[in-house]
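Dear colleague,

Please find the structure below, followed by a summary of what was found in it.

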Amino acid sequence: MTIQLVIEMILASVLAAGIYTIIGIAPGTDETAVLAPVTLALVLLGVSPMVVLAFFVSAVVTLNLTDAVPVAVAGTPGGVMASPMVPYGLTLKKAGQSVIGIRKMASGAAIGTIIAVPVSLALATLLAPLSEVITKYAAPVFFVGAIFLALMSKNKILSILAILPFGLLIEGLRYLYWGIGAIPEEKTITISFFLGITIGPMIFSILSLLNKDYRSTLKKHSKREITIANVGKQKGFPNPFKVLTKQESWATIGTSLAGCFTFFMSPVGMTVLFGEGVVSRVKDPIKKAKIALASMEGLAHSTYLAGLLIPLIALGVPLSPVAIGPANPLFNAPPVFTLDKNMHHLLSMSEFTAATIIGSVVGLGLTYYVIMKYSQQICRFVFKYIPHEAILGLFIALVMMLSYMDGGFINMAGVLLVAIVSGALSRLGINFGVLFMTLYAAPWIVTTLF
């Protein structure tokens, strides 16, 4: 590892932090939609694997951290990971504490990152000798994970009943594409179906507005007044443990550690499961919201980073929702990377460690400081100059563009179908995590159970 390579990693991390701070602040951006295409382009351009990894880690840390802004100021998830935090963001927003919500979430994200990096690297080292055994049973793990999340959800029976039909829908579309020659048989559509699930509630809500009877039942609201709390200026580099109370800090540390050990599960599902569990006995809604936002954000960061680093370092195959989704180009990007020759095979443990530390330190250091110091200005900017409808439209357009790149016009229709079905299932109360895990388990479900 040369000095030039270190400088390139630092510059790539700074670039990622700058780009994805802007993207992440806008509500409605999705991690997979904005990370996967850029990462794929860097890999195909022949950029050094260590530079690509540092860029990706910095981008992940930045995106998940800036999710705090749209959740707190607009009640809209900045990405899929932030969806479970929206109700608590709205609670603080109604109380005029949006800025406080941003700072709690940003501090939780910082703690989650600080814990996730060393713990994930340690777990990857321990699991490396078991890579062959784990890889052999990867598909059943996803199926068991879907059942587990279904049993842990509020609508248990409905969630379990949805697993097989939804798996058949996913595989049915894939076999249709192969059958008519829309895509070659060696290619499997995954990322665009993942995106279809993420935009499901949005698409379903938009289509529901075309129903005149349903539209007439909606409540009409007058012009809303937004109050932004006046918080004192932040001096120097903020200490996340001082921003959070002791209870919030311990809750965040606990959920962050739990997230590292459940890297193979859906990050969204784990955020809901552990996040809700931490605050289940807290009665005061404001206090509950603050603890939930901090702990959920820490959990989201740890699960996301662990879901990237552990499969990449220890296994070399995408054995996690994160690895299959936004990080997929790091595992499989022909002709540069294949499942038999990717970063797992090309980089040593020391190189993985160096790229991860550089990416996380740069991403966290720059973004955390900006969010904490300029949270009030960011709130005002978002409310005044970023139309929510325009961002949602751009988000849907990004998904449709990626769907076309994946499989042409027929895949755009297929993704729309997946979005409608997943949106309807979500409206019925089925956890996103169940749908994501079913997406990954679909090939095994069809070949083994039918």
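**A nonpolar surface patch**

Leu-168 is partly exposed, as its relative accessible area is 39% (buried means under 20%, exposed over 50%, and partly exposed in between, with a 1.4 Å probe and protein chains only). This residue belongs to helix 9, residues 156-180 (helices are DSSP runs of H or I with at least four residues, numbered from the N terminus). Together with Leu-164, Leu-449 and Phe-450, Leu-168 makes a nonpolar surface patch of about 360 Å². Such patches consist of residues with over 30% relative accessible area and no salt bridge, nonpolar side chains (Val, Leu, Ile, Met, Phe, Trp, Tyr) being joined within 5 Å; accessible areas come from the Shrake-Rupley method with a 1.4 Å probe, and for residues only the protein chains shown count as cover.

**Basis of the values**

This is a predicted model, in which local features need pLDDT of at least 70 and side-chain atom pairs count only at pLDDT 80 or more, while totals for chains, interfaces and linings use all residues. Residues are numbered from 1 along each chain as its sequence is written, and side-chain values use heavy atoms, with hydrogens and water left out.

**Salt bridges**

A salt bridge is a side-chain nitrogen of Lys or Arg within 4 Å of a carboxyl oxygen of Asp or Glu, and by this rule the count is three.

- Glu-248 and Lys-104 pair at 2.8 Å, N to O. The two link distant parts of the chain, with Glu-248 in helix 14 (residues 246-261) and Lys-104 in helix 6 (residues 98-127), 144 residues apart. Both Glu-248 and Lys-104 are buried.
- Glu-171 and Arg-174 pair at 2.6 Å, N to O. Both lie in helix 9, three residues apart, or about one turn of the helix, and both Glu-171 and Arg-174 are buried.
- Asp-406 and Lys-187 form a salt bridge in which the closest N and O atoms are 4.0 Å apart. Asp-406 is in helix 22 and Lys-187 in the loop between helix 9 and helix 10 (191-198), so this pair ties together parts that are 219 residues apart in sequence. Asp-406 is buried, with a relative accessible area of 18%, whereas Lys-187 is partly exposed at 29%.

**Nonpolar cores**

The largest nonpolar core has 120 residues, of which Phe-193, Leu-308, Leu-330 and Met-343 touch the most other members (a core is a set of buried Ala, Val, Leu, Ile, Met, Phe, Trp, Tyr and Cys residues joined through side-chain atoms within 4.5 Å). Helix 3 (residues 49-66) gives the most to this core, with 13 residues. Apart from it lies another core, of 15 residues, including Ala-82, Val-279, Ile-291 and Ala-300.

Beyond its neighbours within four places in sequence, Phe-193 is in contact with residues that include Arg-174, Tyr-177, Val-415 and Leu-439 (contact means heavy atoms within 4.5 Å).

**Two further buried residues**

Asn-342 is buried, with a relative accessible area of 0%, and sits in the loop between helix 18 (328-331) and helix 19 (343-346). A polar atom of the Asn-342 side chain lies 3.0 Å from the backbone nitrogen of His-344. Residues up to four places away in sequence aside, Asn-342 touches Gly-316, Leu-330, Phe-331 and Phe-337.

Leu-425, in helix 22 (residues 388-427), is buried with a relative accessible area of 16%.

Yours sincerely

Conventions:
A polar contact is a pair of N or O atoms within 3.5 Å; within protein, one must be able to donate a hydrogen and the other to accept it, and residues adjacent in sequence count only if both atoms are side-chain atoms. Patches are made of residues with over 30% relative accessible area and no salt bridge: like charges are joined within 9 Å, nonpolar side chains (Val, Leu, Ile, Met, Phe, Trp, Tyr) within 5 Å.
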